[in-house]
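User: I've got the fold up on my screen and want to go through a few side chains with you. Can we take them one at a time?

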Amino acid sequence: MAGEVWASVLSLTGVVLGGGLTAFAQRATQRSAERTEERRQSAATAEVRRAERLQAIKEFIACAQDAERAAYRRPEPWGDDEEGWMTHTQGVMTSLWTAERTVVLLCDETLQAPVHVYGRALNQAVWREIGDTEVNEHLEASKTAFMTAARTSMAA
């Protein structure tokens, strides 16, 4: 009879040990799957944020092009709202400043100064605060600095 008890105890011990190892293996597998899912979600979030930053930069560039076109189309001599230029240009500049704030809000701090300097240079060119300097000559340095900073920001 003692042998039967020992056999039952050993059998029960094997069942408990096997169940414990199975539970441990399932828990380890579950944790691994959770970590993998967290990494996947983190990568997806990072990609969405990168796409938002890229879209903000593209929008700013489009608005900057509109402002540059407005600077080249400015009527001479400066006077009344000839052919609706001023009315149109005020909307263009509002869009530019809104796009600049979006870049500042969404992108790296390293892009804040170059986007502001480029926007200010565009503003000066549009409203002819640049004297006899050509528009493209006035914008070249700030545009180049912005584009370089934008490339660096997106590469990071």
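This is a predicted model: local features need pLDDT of at least 70, side-chain atom pairs count only at pLDDT 80 or more; totals for chains, interfaces and linings use all residues.

**Side chains, one by one**

User: Which residue's backbone oxygen does the side chain of Arg-74 reach?
Analyst: The gap is 2.9 Å.

User: Is Arg-74 buried or exposed?
Analyst: Arg-74 is found in the loop between α1 and α2 (85–106), where helices are DSSP runs of H or I with at least four residues, strands are E runs of at least two, and both are numbered from the N terminus. Beyond its neighbours within four places in sequence, Arg-74 touches Trp-85, Val-126, Trp-127 and Arg-128 (contact means heavy atoms within 4.5 Å). The cut-offs are under 20% relative accessible area for buried, over 50% for exposed and partly exposed in between, using a 1.4 Å probe and protein chains only. With 8% relative accessibility, Arg-74 is therefore buried.

User: How are the rings of Tyr-118 and Phe-146 arranged?
Analyst: The whole structure has 4 aromatic pairs, counting Phe, Tyr and Trp rings (the six-membered one for Trp) with centres within 6.5 Å; planes under 30 degrees apart are stacked, over 60 edge-to-face and the rest tilted. For Tyr-118 and Phe-146, the centres are 5.7 Å apart and the planes sit at 25°, so the pair is stacked.

User: Which helix holds Phe-146?
Analyst: The pair links distant parts of the chain, 28 residues apart, with Tyr-118 in helix α3 (residues 112–126). Tyr-118 is buried at 2% relative accessibility, and Phe-146 is buried at 0%. Phe-146 itself sits in residues 135–155, helix α4.

User: At what N to O distance do Glu-37 and Arg-40 meet?
Analyst: Their side chains form one of 4 salt bridges in the structure, meaning a Lys or Arg side-chain nitrogen within 4 Å of an Asp or Glu carboxyl oxygen. Because they are 3 residues apart in helix α1, about one helical turn separates them. Glu-37 is partly exposed at 32%, and so is Arg-40 at 47%. The N to O distance is 2.5 Å.

User: And what is the N to O distance for Arg-69 and Asp-66?
Analyst: Both lie in helix α1, 3 residues apart, about one turn of the helix. Arg-69 is partly exposed at 41%, as is Asp-66 at 32%. Their salt bridge spans 2.3 Å.

User: Which residue pairs with Arg-101 in a salt bridge?
Analyst: Arg-101 is partly exposed, with 49% relative accessible area. The N to O distance to its partner is 3.1 Å.

Methods
Residues are numbered from 1 along each chain as its sequence is written. Side-chain values use heavy atoms; hydrogens and water are left out. A polar contact is a pair of N or O atoms within 3.5 Å; within protein, one must be able to donate a hydrogen and the other to accept it, and residues adjacent in sequence count only if both atoms are side-chain atoms.
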